[in-house]
Amino acid sequence: MASLQQKKILSGKDSYILGISFGFHDSAVALIQNGKVLNAVEEERFTGVKHDNSFPMNSISWILKENNITKKDISVVCYYENPILKKDRIVRTARKTFFKNPISNFKLLFTKEYDISKLFRRVFHKNVKVVFSSHHQSHQAYSFFTSKFKESAVLTVDGVGEFETTTMSKYTNNKVKCLGKVEFPHSLGMLYSTITAFLGFKPNEGEYKVMGLAPYGTHLFHHKKFDELIKYTKDGFELNPKYFTYEYSDKTMFNENLSKLLGIPNRLPEEPINDIHKNIAAALQYTYEKHFFRLLNQLYEKTKSINLCLGGGCAYNGTANGKIREKTKFKNVWIPPAPSDAGSAIGAALLFYYTSTNDTRVDNQTPFLGPQQSHDESLKIIKQNRNKVEFEFLGDNDLINKTAQLISEGNIIGWVQGRLEFGARALGNRSILADPRDPQMKKRVNMVIKKREGFRPFAPMVTFEDRIHYFTPAYEIPYMNQIVKVTEKYKDKLPAITHTDGSARIQTVRESFNPKIHKLLKVYQKITGYPILLNTSFNLKDQTMVRDTQEAIDTFMNCDMDYLIIGNLFLSKKIVSETLT
């Protein structure tokens, strides 16, 4: 008979459970105890490699240290997908497409995969329990178990997991019922990534650039051609293999047939973006939404639930997400802050815990789960950089008042507070803040601060209670993952955060969610009349979001940002006088 301690480990009760995702992109680690996410962080935050897919040893080391535990204290490790099933899919695909790419497929067929279970036991200890969930089960669980719904329809859409690329299901309490799926190579995520590559951007990274480019074009010239790429089926969709190579190549995603279909050669990364590229982006977004909403409407008919949880990398498509209530019968929509593979580290761990214990869920909605530094640690590092910066300590009221005033005068502020956000969006702890009223601010932040493409839009943060005056539909959107319209009255008055089609990817901020940011918004409202700030992630082009004080100072000094605030420490660049000789 199993001992009480063994039973606890088998269920996860009182145990430290580690969720891990790595191997493809967005490696991450999450620590869970009794259903509560204690911490979570992406490996890229430590390595500086965007979408780092390496084994997350830095993240593991930080989480153990942060919680004052050792590797031996980890009872269960939950991996975000099933490597056996994934290998099976890779082998089947390699056999099916062998003669299209014999050298690469030969390697895939005969390369020995490392044993994930042995790896975890070697990293932690020989008695650690290793649990595999499927890729899309982890997506489903992360979305549902971080929601407040007792029951919900769940849709996951991404590139590919083991076999599935899309799943439809319903969760009731802690139990899931599978209602449909689409399998590889048919994939909305792979379609979006392929056109992203065709337009000269990096797949698995540049999709949001294509989404931002789409409103500058029209779908009318190309959407019929996209009907050649993807067609409806009874239960989903299928892609036309004539145009794609991703099934058998790890170097290219499309062939010359795609260029012939779209009427132009693929754009190279440094080539100019022309109207036809904008139109192709618009047609892609139009096509994605057409199939996305059909899936959602099918899911509603199968579940009759008014609640929807959305997961998978495609859940970052804010343009489509903002139209869900308009285009479907779902009334309540939950999209967690990190719906791609990083969030699956949390999902895999929560799935194991809640299906093992059947416990009532606890609140796991905060995105502020990563590293932070104390005031004393930050002060020590700032003093080490005193040849670069000047600083002063300000109390909360003085800090908020001074920051709001400076932003209203056109200054751009770096803002570092508390724990680092988990996920791709800066939600008020690692942000660059600026005036949304300034018609030149979008260009200035893109060109001299972020050093990126000028067409890229910026998101506004707005107080929850005031959102109804400025944005429509006035949904609560805490994680900046849905795009809505700026009300007609304010489109011209908020040019820095209003995209070319009159939209904005908003973040609504409750006082309980982020008291300091909420207070800053209210003080800014007293000065300008607007409880709204331009908010973008604290990083430069091709860099990861700043983690700590030193990274913040380095980024601050490497661009034309005006001031930097770390906790209650107000920093400005030291003016070095040049002596004429």
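## Surroundings of S117

S117 touches V130 and F132, not counting residues up to four places away in sequence; contact means heavy atoms within 4.5 Å. S117 lies in helix 6 (residues 116–123), and at 16% relative accessibility S117 counts as buried. Buried stands for under 20% relative accessible area and exposed for over 50%, with partly exposed in between (1.4 Å probe, protein chains only). Helices (H or I, at least four residues) and strands (E, at least two) are DSSP runs, numbered from the N terminus.

The model is predicted: local features need pLDDT of at least 70 and side-chain atom pairs count only at pLDDT 80 or more, while totals for chains, interfaces and linings use all residues. Residues are numbered from 1 along each chain as its sequence is written, and side-chain values use heavy atoms, with hydrogens and water left out.

Five strands form an open sheet of mixed pairing, in the order 3-2-1-4-5; two strands pair if DSSP finds at least two bridges between them. Strand 3 (36–42) and strand 5 (129–132) are the edge strands, each pairing on one side only. On average, neighbouring strands of this sheet are turned by 20 degrees against each other, direction ignored. Helix 6 packs on the sheet and touches strand 1, strand 4 (74–79) and strand 5, with its direction making about 145 degrees with that of strand 5. Axes are lines fitted to C-alpha atoms, for helices over the stretch in contact, and angles run from 0 to 180 degrees between N-to-C directions.

Strand 1 (residues 16–21) and strand 2 (residues 28–33) run antiparallel and are joined by six bridges. L31 in strand 2 is the bridge partner of L18.

## Backbone exceptions

Most residues other than glycine have a negative phi, and most peptide bonds are trans. D26, although not a glycine, has a positive phi of about 60 degrees. D26 is found in the loop between strand 1 and strand 2 and counts as buried at 11% relative accessibility. N68, also not a glycine, has a positive phi of about 55 degrees. N68 is in the loop between helix 3 (57–66) and strand 4 and, at 72% relative accessibility, counts as exposed.

The peptide bond from F184 to P185 is cis, with omega near 15 degrees; P185 is found in the loop between strand 8 (175–183) and helix 8 (188–198). A cis peptide bond also joins T472 and P473, with omega about -5 degrees. P473 is placed in the loop between strand 17 (471–472) and strand 18 (483–486).
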